[in-house]
Amino acid sequence: MNKKYTATKIACYTGYFVQAIINNLAPIFYVIFQNQFQISYTKISWLIMINFVTQFVVDFSSVKLIAKLGYRKSIVIAHIFSAVGLVFLGVLPNVMSRPYAGLVISILIYATGSGLIEVLVSPIIEGLPLENKSGEMSLLHSFYCWGQMAVVLITTLGIKAAGSEHWSAAPIFWAIVPLVNIFLFARVPIFPPVPDGEDEMSIKELFKNRKFIIFALLMTCAGASEIAMAQWASTFAEKSLGVDKTVGDLLGPCAFALMMAVCRTIYGFVGEKIKIKTALTACSALCIVSYIITTLSSIPMLSLIGCSLCGISVSLMWPGTFSLAAKEFKRGGTAMFAMLAMFGDFGCAFGPWLAGVVSDAAEKSGMITMEPLKFGLLVCTAFPAIMLALMSIKTNKNRTE
């Protein structure tokens with residue numbers, strides 16, 4: 001690969017690291033929020049929903065903005081929003097009379113940045129003249145996982161050392177990463193995903209294609225399968241399994257992120273040897289198994305192993321669907337990546353929101369004998385099951401074509 005593109009790849013990798021910070025930092029504080037601000041499972045579910053619905057809206061509305069401003073200006077703006085939102089997360093809840101409103105404002109701001117990053121980074125990589133595009137896409141997305149693991153590990157150990165009352169320093173610390181990446185993206189080479197002279201597909205064109213609808217549903221299930229477990233893993237380990245917070249975070253969300261990162265990285269180097277359709281089908285089946293082990297096991301350590309296994313199972317869902325779609329729609333361009341990200345973010349919002357709401361309902365009803373959050377996550381087994389069914393439909397269609 002031409003070395004002049006290395007800086008672009010590094011900036012893109014860091015962009016996904018920023019998105020990992022945004023999506024995985026707040027969940028570490030959920031129990032702290034519950035204790036300090038008296039926030040219920042449902043209110044926490046709404047925080048998750050606000051984060052990903054904001055990203056969903058940004059995904060949908062960004063196509064024309066990116067066309068007008070260009071990729072460089074758009075990605076720089078995305079990182080500015082991300083940095084400001086993270087700083088606000090550490091400041092506003094502690095200075096506002098209504099802490100929950102401070103959380104909401106912070107999330108709205110950094111989620112706007114995250115939504116733009118999701119839309120922009122993948123097509124920037126797709127636009128580079130690289131071989132093994134599916135492997136490169138998986139390697140790119142692995143940095144989300146490495147970022148998730150770093151955020152969980154460093155933040156958890158920081159809270160352990162400084163005390164939970166100093167949690168607000170963590171978001172301000174992590175804001176340094178998007179600030180630095182602003183200067184990288186201001187200088188690196190950037191190419192459009194569709195070569196000059198070729199027309200990109202419009203949103204209307206995409207939605208007229210039945211195959212794109214399948215890809216949209218796959219992205220929804222991929223997002224829900226991954227984020228339902230990722231967002232609730234820390235709280236699940238501490239409150240449902242009764243594990244110490246530090247141990248629970250390291251063996252729950254941190255191990256989840258590590259397994260996902262390792263699998264994406266390995267696929268990034270050997271992806272051309274493995275059919276992505278086969279890998280996605282296997283991942284969907286394994287995800288069902290991992291959710292069942294996590295929620296139905298009566299042994300805490302086995303539940304944590306199930307959580308780690310889930311990290312393996314969801315590793316290729318998001319980047320794999322992106323890669324398949326890019327091969328299917330050569331002129332997909334910005335609109336395709338934006339719409340797929342939109343449906344993925346919808347799944348990211350709906351999955352953990354459903355888990356939280358169902359958990360609260362189970363706790364209030366008294367009719368469910370399972371621990372509430374276990375039951376909420378068990379319901380989310382539906383998402384990988386739907387994805388497995390969709391992959392079967394897609395495979396059968398391909399055989400008849």
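This is a predicted model: local features need pLDDT of at least 70, side-chain atom pairs count only at pLDDT 80 or more; totals for chains, interfaces and linings use all residues.
The overall dimensions were examined next. For 401 residues, a compact globule would have a radius of gyration near 21 Å. The chain has 20 Å, which agrees with that expectation. Along the principal axes, the C-alpha atoms fill a box of roughly 60 × 50 × 35 Å. Of the 401 residues, 60% count as buried.

The accessible surface of the chain comes to about 15,600 Å². Carbon and sulfur atoms account for 68% of that area. The chain carries 30 positive and 22 negative side chains. The centres of these two sets lie 4 Å apart.

Helix H8 spans residues 176-185. Its buried residues are Val177, Pro178, Asn181, Ile182 and Phe185. They cover an arc of only 145 degrees around the axis, so they lie on the same side of H8. An α-helix has 3.6 residues a turn, so residues three or four places apart point the same way. The cover over the buried residues of H8 includes helix H1 (6-24) and helix H4 (71-95). Helix H5 (99-127) and helix H7 (169-174) are also among the covering elements.

Ser168 sits in the loop between helix H6 (133-162) and H7. Its relative accessibility is 18%. Buried means under 20%, and Ser168 therefore counts as buried. Beyond its neighbours within four places in sequence, Ser168 is in contact with Gly90 and Asn94.

Ile117 belongs to helix H5. With 0% relative accessibility, Ile117 counts as buried. Residues up to four places away in sequence aside, Ile117 touches Gly15, Val18, Ile75, Ala78, His79 and Ser82. Tyr16 stands 101 residues from Ile117 along the chain.

Terms used
Residues are numbered from 1 along each chain as its sequence is written. Side-chain values use heavy atoms; hydrogens and water are left out. The radius of gyration is taken over C-alpha atoms; the globule rule is 2.2 Å times the number of residues to the power 0.38. Buried means under 20% relative accessible area, exposed over 50%, partly exposed in between (1.4 Å probe, protein chains only). Accessible areas come from the Shrake-Rupley method with a 1.4 Å probe; for residues, only the protein chains shown count as cover. Lys and Arg count as positive and Asp and Glu as negative; His and the chain ends are not counted. The place of a charge is taken as NZ of Lys, CZ of Arg, CG of Asp or CD of Glu. Helices (H or I, at least four residues) and strands (E, at least two) are DSSP runs, numbered from the N terminus. The arc is that of the directions from the helix axis to the C-beta atoms. Contact means heavy atoms within 4.5 Å.
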